[in-house]
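Me: Please take me through some side-chain contacts in this protein, with the criterion behind each label.

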Amino acid sequence: MGVDKFENDELIRYSFPDDVWFHVGGNMSSAHVYLRLLPGMTIDTIPPDVLEDCFQLVKANSRDGRKTDRVTIDYTAVSNLRKAKSMDVGQVGFVDDRQVRYGQVPAKINAIINRLNKTRTERSVLEMKAEREHRDEELRDRRKLELQAQARAIEEEKRRRKAEEDLRCYKSVMKPEVMQSNTTQTSSAAEYEEDFM
């Protein structure tokens with residue numbers, strides 16, 4: 001979670017594309033809250049209690065939202081966030097508005113906020129930057145291995161097709177060293193026929 005608009009800007013830069021971004025809807029200012037999804041999880045499979053925790057955290061850390069009874073929370077994948085150069089620090093837009101999900105927070109639940117504050121751990125922007133670089137490096141390595149495996153599969157397919165083509169065109173049979181011509185034949189036709197039978 002970003003503590004101010006400058007840290008929010010840094011969080012946008014170093015979050016993972018599949019992280020989920022939460023913010024109070026409308027024109028209210030609030031902290032940017034990010035949820036890192038477990039492998040295989042999507043924005044649609046986030047457990048309801050985790051969503052409620054994120055909603056409450058956003059509401060509690062909104063200057064205007066904490067004073068309002070009912071608040072709408074916008075959330076979307078970080079890959080759907082757009083940061084234009086003309087935007088203020090910490091401000092974002094959406095690439096596709098249809099990918100934005102909405103949630104409602106009728107009232108602040110202090111028990112959730114207290115539980116989250118007790119279990120909170122803080123990481124610096126440098127730690128987040130290092131995590132992002134490590135993840136990007138792992139993805140590059142994984143992609144490199146996938147491309148190498150594809151190249152090996154393509155080469156193997158080429159070898160297999162070449163072998164099949166060689167079998168169909170009799171190249172292995174039609175070698176000059178195993179071919180015989182009747183012009184180099186030293187025996188008569190009758191002797192040759194006798195040998196054949």
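Reply: Residues are numbered from 1 along each chain as its sequence is written, and side-chain values use heavy atoms, with hydrogens and water left out. The model is predicted, so local features need pLDDT of at least 70 and side-chain atom pairs count only at pLDDT 80 or more, while totals for chains, interfaces and linings use all residues.

Me: What makes Asp-18 and Arg-135 a salt bridge?

Reply: The term requires a side-chain nitrogen of Lys or Arg within 4 Å of a carboxyl oxygen of Asp or Glu. For Asp-18 and Arg-135 the N to O distance is 3.7 Å, so the pair qualifies. Asp-18 sits in the loop between helix H1 (5-14) and strand S1 (20-24), and Arg-135 in helix H4 (residues 125-168), 117 residues apart. Helices (H or I, at least four residues) and strands (E, at least two) are DSSP runs, numbered from the N terminus. The rule for salt bridges gives a count of twelve.

Me: Why is Arg-135 called buried?

Reply: Buried means under 20% relative accessible area, exposed over 50%, and partly exposed in between (1.4 Å probe, protein chains only). Arg-135 has 17%, so the residue is buried. Asp-18, at 41%, is therefore partly exposed.

Me: How do you know that Asp-19 and Arg-36 meet in a salt bridge?

Reply: Their N to O distance is 2.9 Å, which is within the limit, so the label applies. Asp-19 has a relative accessible area of 2% and is buried, whereas Arg-36 has 31% and is partly exposed.

Me: Why is the pair of Phe-22 and Tyr-75 called stacked?

Reply: Rings of Phe, Tyr and Trp (its six-membered ring) pair if their centres lie within 6.5 Å; planes under 30 degrees apart count as stacked, over 60 as edge-to-face and the rest as tilted. Here the centres are 5.3 Å apart and the planes are at 15 degrees, so the pair is stacked. Phe-22 is in strand S1 and Tyr-75 in strand S3 (residues 71-77), 53 residues apart.

Me: What makes the pair of Phe-55 and Tyr-75 tilted?

Reply: The centres of Phe-55 and Tyr-75 lie 5.5 Å apart and the planes are at 55 degrees, which falls between the two angle limits, so the pair is tilted. Phe-55 is in helix H2. Phe-55 has a relative accessible area of 7% and is buried, and Tyr-75 counts as buried at 9%. Ring pairs join Phe-22, Phe-55 and Tyr-75 into a cluster.
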